[in-house]
Structures are given as C-alpha cells and as structure tokens.
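Take a look at the sequence and the structure, then follow the topics below.

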Amino acid sequence: MKRPLLVALLVSAAFGTSAAPWSDQGQDAVMETLIDKFNQGNYSTKGADSCLMCHKKNDKVMALFDGVHGATSGNSPMAGLQCEACHGPQGKHNRGGKEPMIDFGPDAMASAEAQNSVCLSCHDDAERQSWHASTHNLEEVACASCHKVHVVTDPILEKTAQNSVCTQCHTEQKMQMHQRSSHPMKWDEMQCSDCHNPHGSQTDADLNRISLNDTCYSCHADKRGPKLWEHEPVIDDCSNCHTPHGSMNDNLLKARAPLLCQQCHSGNVHASRPYGAEGDSAFTAGGSCLNCHTQVHGSNHPQGKALQR
Amino acid sequence: MKLNLITLAILTAATPVLAADFSLSKANTDKISADKWQCKRCVAPSNLSGDIAIGAGYTELDDVHAGNALGQEEDGAFGALNGRVTANSDNGWRTTATAHNLGMDNGDAGLSTGNGSVKLYADYRQLNKLDSDKASTPYYFSGDQLVSGPSYSPVLGTERNRVSLGISASTDLAGFSVDGDLGYRTEEKQGHKVVSVTTPSPVNLAKPVDSRTDELTATTSVAGDNWLAALSYLGSVYDNDTQEVYHNTYGSLLAPEPDNEAHQVTLSGNLRGQSGVFDGRVSLGRMIQDSALVNAQTSPIQSWDGQVDTLDMDARYTLMATSRLRVQLAGRYSERDNQSSSFEFPQYDFNATTGLVSENVLLDREDTRGSAKVQYRLAKGYRLDAGYQFDRKERSHSARETTDEHLLWAGLKLTDLDLWKVELKGGLSQRDGSRYQANDLSSSEENPLLRKYHLADRDRIEAEVKLRHQPMASLSVDLNLQFADDDYTDTELGLTGATDYGYQLAISYLVNKQLSLYGFAGQQWIDADQNGDGWSAEINDEFVSLGGGFEYAGLLQDRLTVGGDYLFANSDSSSSNSGAANSQFDDYYQYSHSVGLFAQYRLSERSHLRLDYRYERYYDTDYASVAVDAVEGLVTLGDLDHNYNAHQLMLSYSISL
C-alpha cells in the first residue's frame, strides 16, 4: 500500500507539476503582484468556467471535483468564489497565463505564509488553534506540503499513508521505527497523529494531550493510577526510561535491566553488585530486576512499597 | 535575557510588517458578478465512486510473532477486504466507507458522513501485538488463585479492539463561527503479559490481560475574525477485569492494576493581532482510584482513596516584529498535587532494608518554564534562529527537591542555495539544582554518592545537520546527522555519560514516468558509561537499517506494474561490567530482512488483478531468555527468542466504481 503513495508523491513533485510560467520572476516580485491583485479584486467574469477554459485538460486540476473541495454546495470553495477562492483573483492571468496566481505546495512561488492564510480562513477551529505558534508554522511549512486538495482523498488523512508523509522530513523517527522495539508505526497500525498534533499544541513536541504522560495514558491507562506506591521517575516523565519512537532494547527502554535500574539504584544490598553474567543468575536472567520488582510502574498492594507486589 | 527580548519585541512591533494575508474574509469582492457564474465546465462528483479490492491469500509461518509484520498470526489461508467507497447525494452529503485488511487479524473499517457543516463517524480497529507463542508455564489462573498443573503455552501479547464514534458540527452564530465535537472511544484489551511474583524466589508468569478503557471527549469553540476560544473536556475510565495473584501457600502475591479514571477540563484560545499572536491554555485535571485493596486484612484500610489533581497553564506570544524578525516568548506552569490519603502499611519482610512498616509517600511535582525564541532573516533564504529556555522542576520527597535546567541553542537555515538546502543547529544545556540529599523517604537505601540520572547535574551538547541536494526535479538526496553528548558532571555512582549519534541518508530518483527508484541507509550509536560501587560498566548500542525499492509501470503496453521493497534492520546492544566475573554480557541483538513484491495487471479501465508477496526473516536473541529451570531459584517462561522465516502470498481483484 505504501508504494503507490511514494510514486504518486514523486510523480507529483517531478512530473505532475511543471514550473509555473512566472517562476522566473523571483518570489518577491510574485508576492508583490499577488498582494496587488488580491487587493484590486479583479475576479473573472465567469468564475470557474473562465479558468477551466484553459485548464480543463489538466487531470490534476479536474481531480478537484472528486474531493470535498470540489463540491459545488455547502462550505466548499467551489460553492463560493470557486477556483479564485484559493488561487486569488484572476486579474490578467487569462491573457497568456504569465501573470502570477496563488500557487500551492513546497515549491510554490507564493510564500508558505501566504498559502496558509488561504487555508486557515476556513480551517480555523480548536484543532488548529495553536498553528500560528507551532513549529511547522515557524519553519514555514505550507499546508500543501503535507496536504493534497486536488485528489479524491488526501493521503495524509489515510491511515496507511500518513506515516510515509510525515517521515519524509522526520527521518530520524523513521529510522527508529525499525529498531528492536518500537510502536507499530512501521506497519501503519499506529499513526504519528495518534500522539502528535501537526498543527501545533502547547505541549512539548506538539503532543495531543496536556503532557507527555497524559499522551501515553491514552493507550496505557493501566499505568495511570494513581497507585498506592508510586515510582518517582514514572510519574515524573515516561521518557525518563522509554524512547517512544524506537529502541535497540526491548520495551522501548533506554537501556535494559539490570544496568538501567542501577543507573538510579545502588543500595548496600543486591542493587550495588556488579552483574555481567550470561543469563545464569536470577539477577540477570528472565526479567532481571523485574523478577522481583515486577511493579515498576507502581504498586497498589498494601505490601508493595518495594514494587514487588 | 528574557527582558531584553521583550524590550526588543516591543520596539520592533512599531515597524510595519508586510504580511501576506489572502484570507477569504479579506477578499475584495466589490467587482464580482457572481450571478453570472454558472460553472458549466465543473464536473459533478459521481453518486458512487471508489475502489474495492477483494483478496485471498496464504500465510506460512511458524512463529506467532510474524503476525506483527504480516497481519495474520496463523498459518493458512485468509481473505481480506480493502477499499474506499464514497457516495455523494444531491443534497450535499458525502458518505465514505473504508476497509483496510478487514478479515485479517490486524484490520480496520470506518464509516463517515458529512455535509460540510455536520460530520459523523464510526471507526473500528483491531490491533494485535504479539510477542511469543513459545512460552511454557505450569501456572494457571483460576479467578484470583494461582494453581499449578501440566505445562502449557499461552500466547504472550495483546489484542486491542477499538471502536470510535463521533460527531462534529459547525455553524455561524451572531457573526461568530461556532464548532462542537463529541467523541467516544472504547477499547478492549485482552491477552497475556509477563509478570513475576516472589515466593520469595521469583516465578515469571503469563498473566491474563482483560481490561477496557472508555474515553469521552467534548470540545466547543467560538471563533471571531481574530480570536478563538475553546472549552474542552476529556474523561477516561479504565476498568480492569483481572484479579490479584493469590497463592494458597504464599498468600497475596500481586495486586492488579487498579480501576481508575481521569478527568480534564481545558480552556484554551488565541488572539491574533496584526503582527502578534497570543495563545494560551489552562487545564485542570483529576485522576482518581478507590479500588478495594488486596490482602486488606494486613492493611489499616480496606480501600485507598487515591486522588491526584493537576493544573497546567501555558501561554505564548509570537510576534512578527518586522518582515525579518520573529520572536516567540513562552511560559509554562504545571503542578501535580497528590491529594491521596496516607497510612502506615506493614510490609512484606523480604529483607531488612524493606522495613516492617512503611507509609505511602505522596509525590507532588511542579514545573515552571520560560523560553524565548528568535528567528531573524538575514537575507532571502538565509535565516538565523536562536533560543533560550529555563526549566525548574520541584519534586517533593525526592533525593533532589529542585532541578534547574538552562538550554541555549542556535541554528542557521539556508534555503536559497542553488540545488541545496542546508540546516545547522546546535545547543548547550546545563542542569543543576538544590543539594542532592539522602533523606528517609527517598534514598536511605541508596549509596550517598549515587546520582539518579533524571535529577543529576548534567551538561549536554547537541548538534544537528540537515542537507538536501536536488540536482534535478526528479532526483533528491537527503542526509541528516544528529549528535548529542551528556556529561553527568557530579556523578560518582550512576550514569556518568552518554553519547548518541547517527545519520540517515535517503535517495529518491524518478527515472521516467514509468520507473521510480529509492534507497536509504541509517545508523545510530548510543554509548553509555555508568559506575557502581567498585565497578564500572559500558553499554554500546548500535543500529543499522538500509533498504531500497523500485516501481516500474511500463510492461505489457503499460498494463502491468511491478514493484518491490527491501529493508534490513539490525539492532545490537553489548554491555560489559568491570566488576563481574564474566564481565561481558552475552548476546543481545536482533535483525530482520523484510521483502515486499507486487505485480498489478490492468484488466480493464476499471479493474485490476494484483499479486503481493511478502517475506519476513526475523531473528532475535537475548541472553536473559533462558529455559524454564535454567537458573536455580528462578522459574522463567522459557526461551522466548525468535528465529523464523515467514511468507505471505495474496491475490486480489479490485474494481473502481
């Protein structure tokens, strides 16, 4: 299922869209023209019919009508100012096609900010309330860098395609998905957006929930408690011990027991001893420290102070 | 620093900003004669569209773990339904049904309908995570009783069945845009997981998992031209149907994860000025559990009132001071207030240090943070970024009550070079804090020289480089490098240092409209050093992944498309301990080869026949995974290492509506 997506993106990037006829003008000049045209408001006389007079043979243009943005009723742009709702007033573009229109995508001549102002004028809701302060906005990522409008279904909204889109830029996370343990993102059984809000949030790493731990609890509510006996680093921050995108150790752990536990515990009993065996001791084989202290996420047993019960 | 930036922001705010805003609400529509717009060339969407694929296949595997990759955990034939069908009605409603691997062990299906103002959806998903079917144990669970019998092999892993339902609606009210969302999700989780009990010698068990989590979310928002306010509620209830582990001889061995619930109410919003945007959030939360305690006859209470209240406040101001300068100031305060009751509980007297009576400690936590970030455009395509962050964390009953962390970073982004994009970023951080102390509640059992790594003084250096080279539109090469070094400057015992570095290289080449190629490689190394009492240890983790693929669409008069993907991944962790007789830990590594091949033949304009083949070669080994009775005094679940080849062949017929 991933193959068609990759090819579609490549084709779109390399062959599907030829350079705009105004690409030799430079972005500053194009933006100046676009702002001027937008302020003048010289819209076409026939709306979409004016545009499609030339663009009807372009499959990508016509694919708009397969998707929600092509609906001619409701709140769709085609039910309003039609093509010019997003691409701006036609002006003199119909006289040879060289006068700039608002174009979209990572390689468009219109700035990301200008492109996004079009999208945000309709998509202004609680989900996107932190967009303006978000990492993607500050990095000048255009909505159309991730989203496709002239399609039946936007790939990034598909469970089987979203991770491929995100990891085109987030390559470190893509690599970590294939480590010994990871969340099941490499099989598309979990999506980046299960934890992150790409449109920004006020939580670190643009997480969906109020905190990192709250995000983890949305699938791991058994760890939430509160429990009678708490393990401080657990309630402090799940990432004290776990790496969410992948690890060379089991269970997404930063290191394995006993050495991980011994990075915080060196009492005068067994925690202080050196272990280096070949799995031939109850301190290293099986669950290592967890053979006895199995309740590392906290215990609700009256006798559970040592997280054994 | 922060004050200076605020002053700078205020001074530069007076400079006019040339922001391009093509919002629909700002469009100059005075000259439009929309009544003449007929849209004769527009194409009405068909009443019914989409693709449906029906497939039949065969999986050959001898390890249930292969089911993670292949979506089918048993040997033999299977059927699968994939597709997406959309129905458009004349009154503007659009209804979509989707299916992905429906009929297989990991699959999902969805149904949604909407008309632009109202949307309803229902989603079903089954997610299986399978660890092993090689476990061996003589222990059974009869209610809460642990009983022994003939050995058997429970499948370790969990199956999640998730159903989501929701409705969202938007309307204009008194000139404002009003949105509402209501969502409900229920997830049942069943299977077996590894736990261990002490009798007092440890016994590993495959404990049943049987729980349900229900979640309700509700959000309403109101938006004006330059502001938005949202009020949301999140409620989550966890219900565990498993019981304690009780043994006739050894008594109550293990408490279950308690039923619990969490509630959060959040008020958030933004206010957008001509050059600055403020966004903020205040959230109040409460986590509760009052499950009956197990083994309560030894406890002063029958059930414990656990309650944790949380408060989270965030505020940010993002200022586009000039066309070149952007400044962001942010602050955060979060608090965890444990309001639970506290009692003295007699403890299991396993060793002298555990003590006979202990009081449950109520852990509180506060986090206060302030940060400033500056982006300055030196010239078109040249941007300089810099930032500073201060983070203070205060923890009650901790070995260190307060930690302070300062982070300073800077970056350079070059996007206007001919054929190249370059990003450089580097940062320094330093963590220190209050006196590290041993106190009765936290660390009387610890060596006073020990510094827990999440509390210890730490200096960190990190750097990142991103390079993108695109010599032509059809060819791109990306190289990303990361480096981070942690030095725990005041640690004699514990983690003393760690270095994490790696790279990812990716090449995409679209040879022509028929043939595309891609390849990638990535490596990561993590080296950590730690000291114990009279010994030192090293951990060296190493990972490599590489792969590639192709797709060719030009065979049999363009009717046949073939493609393939290959991925190799190898995780290796080696450790040594200078103080141990056998200083080198034994093997702990994993590798896999994943191959996917397909051929798709176009039977007609609207139908295709597709053959998929997938191969998974998987191997992992862990020195700790030993036979049930290999270690005296320890009962394990047996050797759980994996070593398998798995194949899957699937033929599917698809039709476009």
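pLDDT is the predictor's confidence in each residue, on a scale from 0 to 100. Chain A has a mean pLDDT of 90, with 93% of its residues at 70 or more. This is a predicted model, in which local features need pLDDT of at least 70 and side-chain atom pairs count only at pLDDT 80 or more, while totals for chains, interfaces and linings use all residues. Residues are numbered from 1 along each chain as its sequence is written, and chains are lettered from A and ligands numbered from 1 in the order in which they are written.

**Confidence**

- The model scores ipTM 0.93 and pTM 0.93.
- Chain B averages a pLDDT of 92, and 95% of the residues score at least 70.
- In chain A, pLDDT is below 50 over residues 1-8; this stretch has 13 contacts in the model beyond near neighbours in sequence. Two residues are in contact if their C-beta atoms, placed from the backbone, lie within 7 Å.
- Residues 10-16 of chain A also stay under 50 in pLDDT, and the model has 13 contacts for them beyond four places in sequence.
- In chain B, pLDDT stays under 50 over residues 1-18, for which the model has 27 contacts beyond four places in sequence.
- Where pLDDT is low, the predicted coordinates should not be read in detail.

**Chain A**

- Chain A has 13 helices and 0 strands. Helices (H or I, at least four residues) and strands (E, at least two) are DSSP runs, numbered from the N terminus.
- The radius of gyration of chain A is 27 Å, well over the 19 Å that the globule rule gives for 309 residues, so chain A is more spread out than a compact globule. The radius is taken over C-alpha atoms, and the globule rule is 2.2 Å times the number of residues to the power 0.38.
- Along the principal axes, the C-alpha atoms of chain A fill a box of roughly 85 × 35 × 35 Å.
- Of the 309 residues of chain A, 53% count as buried. A residue is buried if 20 or more other C-beta atoms lie within 10 Å of its own, exposed if 12 or fewer, and partly exposed in between, with C-beta atoms placed from the backbone.
- Among contacts in chain A with a separation of 6 or more, 57% are between residues 24 or more positions apart.

- Helix 6 of chain A is mostly covered, with 8 of its 9 residues buried; among them are Q115(A), N116(A) and V118(A).
- The cover over the buried residues of helix 6 includes helix 2, helix 5 and helix 8 (143-146) of chain A.
- In helix 3 of chain A, the residues A48(A), S50(A), C51(A) and L52(A) are buried.
- Helix 5 (83-87) of chain A is what the buried residues of helix 3 of chain A pack against.

**Chain B**

- Chain B has 2 helices and 32 strands.
- Its C-alpha atoms fill a box of roughly 90 × 70 × 50 Å, taken along the principal axes.
- Of the 657 residues of chain B, 32% count as buried.
- Of the contacts in chain B between residues at least 6 apart in sequence, 57% join residues at least 24 apart.
- S508(B) lies in strand 26 (residues 494-510) of chain B.
- S508(B) is buried, with 21 other C-beta atoms within 10 Å.
- S508(B) and S476(B) are 32 residues apart in sequence, and their C-alpha atoms are 5.4 Å apart in space.

**Nonpolar cores**

- A nonpolar core is a set of buried Ala, Val, Leu, Ile, Met, Phe, Trp, Tyr and Cys residues joined through C-beta atoms within 7 Å.
- The largest nonpolar core has 31 residues, and V197(B) and A206(B) have the most contacts inside it.
- Strand 9 (176-198), strand 10 (202-223) and strand 13 (251-254) of chain B each supply at least two residues of this core, and its largest share, 3 residues, comes from strand 10 of chain B.
- Leaving aside neighbours within four places in sequence, V197(B) is in contact with V203(B), L205(B), V245(B), L253(B) and L254(B).
- A second, separate core of 25 residues includes L34(A), L81(A), I102(A) and A142(A).

**Where the chains meet**

- The contact takes 124 residues from chain A and 172 residues from chain B.
- Helix 1 of chain A gives the most to the side of chain A that touches chain B, with 8 residues.
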